[in-house]
Amino acid sequence: MFTVSRESCIFQVRVMTSLSDTQEIEEQIQDRLLTPYNNGSISIATEDIEIRRILILKCNAATQYTRKGLFEWQDTSGGKTSTQPCPKNPQRSATRLCKLCLSTHWMAAHLEDCLLVVETIPDLDHVQVTADNAQDVVDMIEGLLRNHSTLNYQELLTVLNKLQDVVNQSQLTLNLGQALIDAISDILESDSDLLPFTNMILNITDAVGNMMAGFFGSFTLVASAIALSVVDVDPGQFSSLTFGVSSVRAGRKPEIFINKFPFNGTVAFISLPSALQHSFPQGNHSTPRVKFQFFGIPMLFQSSQKGQQRLNTFVVSASVINAISPIKDLDEDVKVTLHHLTPNTLRKKVQCVYWNFNKNNGQGGWDDHGCRTYNSSSDYTTCLCDHLTHFGVLLDVSRTQLDAANEQILTIITYAGCGVSSVFLGITVLTYSAFEKLRRDYPSQILINLSLALLGLNLVFLVNSWMSSWGVYGLCVAVASMLHYFLLASFTWMGLEAVNMYFALVKVFNVYVPSYILKFCALGWGIPLVICTLVLIVDREAYGSRLHTGAQLSLEPLDDSDNFCWLQDDVTFYVSVVGYAALVFLFNIAVFVVVLIQIRHMRDNRPAGTRSGLMQDLKGVASLTLLLGLTWAVGFFTFGPGRIVLLYLFAGLNTLQGLFIFLFHCLMKENVRKQWRIHLCFGRFRLDEYSEWSNSASVGFTVKPKSNPPRALVPSVCSVKSSSTASTSASSDSSQRNSSCKRPDLGLFVNSLALPRAQRRSSGPEAPPPQREVTPTPGWENHLLGQQEQR
């Protein structure tokens, strides 16, 4: 019985003679191979002979970085073996064969006789990553991870830093990209605490897709715990694009399908709308590419935020590589369908969310901004979102959150209020700065500084999102620090208003503060500067936005849905903003109570027959409340059942603070209106300077000869220097020249309150010609009396 079999073989023939006539040599070889062989029992016949020359005859020098050290293999002829001493034990050697074939190449090195140099993960700190050894470093990391079921914090940090160096230092090929995905998958499957490194892992995987080169059309990298797909799209023909994942089982890699409808077994599905084409990069040199990512380990996204919520799905994401602008507020929604890991048989409330890199002090957390639930069953939930990021579904047991409708309304109120306040604060500052007679007293000068601080706060807030959208990290830090500075400056000047009020109303005897306003300015603008500088020195990353916080500077973060530069560190926020504001408001409330008590005593001691109006009292109290910033205290109570109502109250009162200051201290003040009429009006509305002004809004007292000091209704002070807003006539200037001590004035604060008028001296035979006069009183009372004393 004869057996016939067909085998294929490759022979290498080394020709020692001259190769001047290669065709003749090929014919000779072919003739000998075609000659049948027969020894009686075995017969061999050849066919399909192909003869080619080996053009690569040697392996070029190569450097290999392994856990057993660095090996530098020299140029070696094909078929030969190169030998190198072991780095750690030079008495032993490593070998590597240069295989001679159609494409001569190095074989795997034999390192069995060498001892380990990189024995543990901390040894990676001494490994320098370059473009040449990037693949070797990833292979080294994978070898180390196979021996570690659990990684501690420092080991995770070391491994992820090296993987990030690989991404930054080399042009990624498909082989290197697959090695990176395998290493990340090993990390995800380890029993390690990944919470502090979620953002870092997400950014590394994102960069793998962004920096992949050497492919056209599409590619997919899949490991057991993660999958990455990048698809080239034609912007002119783009209508939609879908990405789905199925068959996620322990020990098996997920199956990826592009542009196919979901079917039974689909665990994650995302559909991108045609509106996405407006975000594609422009120009002929960049092909639009869409990147999809799937994460099969929910433990990666465990937020540190305490609550009764848990992740009940796998996580899927989509993004456009090199998009021309942040992808948010899409005209058409992104549709995401996710399979529940635990069936929601009780139909508990589910919540569609995305991964917010900024939450939990930069560690990341779930947020629902821009996402809503389309439908939900016991097994699946479909979400609609207006931006691209990492999506998941939370099972909400009892937590109550602010709904999207109220959030949108509050945003509109805030921006509209800040815009209106900015206009009227600007008018207030211009009014008091342009007219010298209005800014002569201390309260007016303090009001100007407070208005400037509030104006800066409103303007920076209005341009914050626009500046943050530029994506410049340094600019975002600058904007956040400026917003922080003007907020603290506003609080500080509110506190200084209370200090001035305390000096003027309570400390009415012999209070002399040299360079009073200069010291107030040093405190009002200096304290916030010191606090912001300390924050920048201690932790500059405390400032930032969702666009930047938690991301490495060399890698683009995924979350671009909410660009607002502000304090991102919770500790810094509660200490430098909440704590500072609480101290200021507690002091202001105390001063406010003292002022009301003092005014009450003054009303009880008013002369018989003096009348006062309730509206005047309410107007004065409202003016004090706004100047002391007591409306900001509402923000400390925005929790509990009345949270939404208090949020609306807080937004309305505080964003319009500039408008209220204009109403009470410009529009409702007679001396301000008269300055407008003197300098800004024409025709019959114009007033002549010094005419009606000096008769109705002049000083609070008339200077009398020193030998005849008038008697006052309240304790007198040593030659008070009046600096009230109404002290503008020549007699006031004379009084100021004769002053020997000086103290602050309260005239601007309580000018709306009804107080008793001063007694008049009756004219005697030896008295000067009759004229209106009132007794000298402290500055704040002079101002009040002068306004009520009308002839």
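Which residues form a nonpolar patch on the surface? Val 463, Trp 466, Trp 470 and Val 472 do, and the legends below place this patch among other close-up views.

The model is predicted, so local features need pLDDT of at least 70 and side-chain atom pairs count only at pLDDT 80 or more, while totals for chains, interfaces and linings use all residues. Residues are numbered from 1 along each chain as its sequence is written, and side-chain values use heavy atoms, with hydrogens and water left out.

**Figure 1. Overview of the chain.** The chain has 18 helices and 25 strands (DSSP runs numbered from the N terminus; helices are H or I with at least four residues, strands are E with at least two). Of its 791 residues, 47% are buried (under 20% relative accessible area; exposed is over 50% and partly exposed lies in between, with a 1.4 Å probe and protein chains only). The accessible surface comes to about 39900 Å², and 55% of it belongs to carbon and sulfur atoms (Shrake-Rupley method, 1.4 Å probe; for residues, only the protein chains shown count as cover). Among contacts between residues at least 6 apart in sequence, 71% join residues at least 24 apart (contact means heavy atoms within 4.5 Å).

**Figure 2. The nonpolar surface patch.** Val 463, Trp 466, Trp 470 and Val 472 together have about 420 Å² of accessible area. Patch residues have over 30% relative accessible area and no salt bridge; nonpolar side chains (Val, Leu, Ile, Met, Phe, Trp, Tyr) are joined within 5 Å, like charges within 9 Å. A salt bridge is a side-chain nitrogen of Lys or Arg within 4 Å of a carboxyl oxygen of Asp or Glu. Trp 470 lies in the loop between α8 (442-468) and α9 (473-505). Trp 470 counts as partly exposed because its relative accessibility is 47%.

**Figure 3. The six-strand open sheet.** The strand order is β13-β12-β14-β18-β22-β21, with antiparallel pairing (two strands pair if DSSP finds at least two bridges between them). β13 (255-258) and β21 (371-376) stand at the edges with a single partner strand each, so one side of each has no neighbour in the sheet. From one strand to the next the twist averages 15° (axes are lines fitted to C-alpha atoms, for helices over the stretch in contact; angles run from 0 to 180 degrees between N-to-C directions). β21 and β22 (residues 380-385) run antiparallel and are joined by five bridges. Arg 372 has Leu 384 in β22 as its bridge partner.

**Figure 4. The three-strand open sheet.** Here the order is β7-β8-β9, and the pairing is antiparallel. The edges are β7 (81-85) and β9 (105-106); each has a single partner strand, so one side of each is left without a neighbour in the sheet. Five bridges join β7 and β8 (residues 93-99) in the antiparallel sense. Opposite Thr 83 stands Thr 95 in β8, and opposite Pro 85 stands Ser 93 in β8.

**Figure 5. Surroundings of Thr 414.** Thr 414 is in helix α7 (residues 404-434). Its relative accessibility of 19% is why Thr 414 counts as buried. Leaving out residues up to four places away in sequence, Thr 414 touches Phe 461, Ala 651 and Thr 655. Thr 414 and Gly 652 are 238 residues apart in sequence, but 7.3 Å apart in space, C-alpha to C-alpha.

**Figure 6. Surroundings of Gln 657.** Gln 657 is in helix α14 (residues 657-667). Gln 657 is buried, with 1% relative accessible area. Not counting residues up to four places away in sequence, Gln 657 touches Ser 421, Leu 454, Met 494, Leu 626, Gly 629 and Trp 632.
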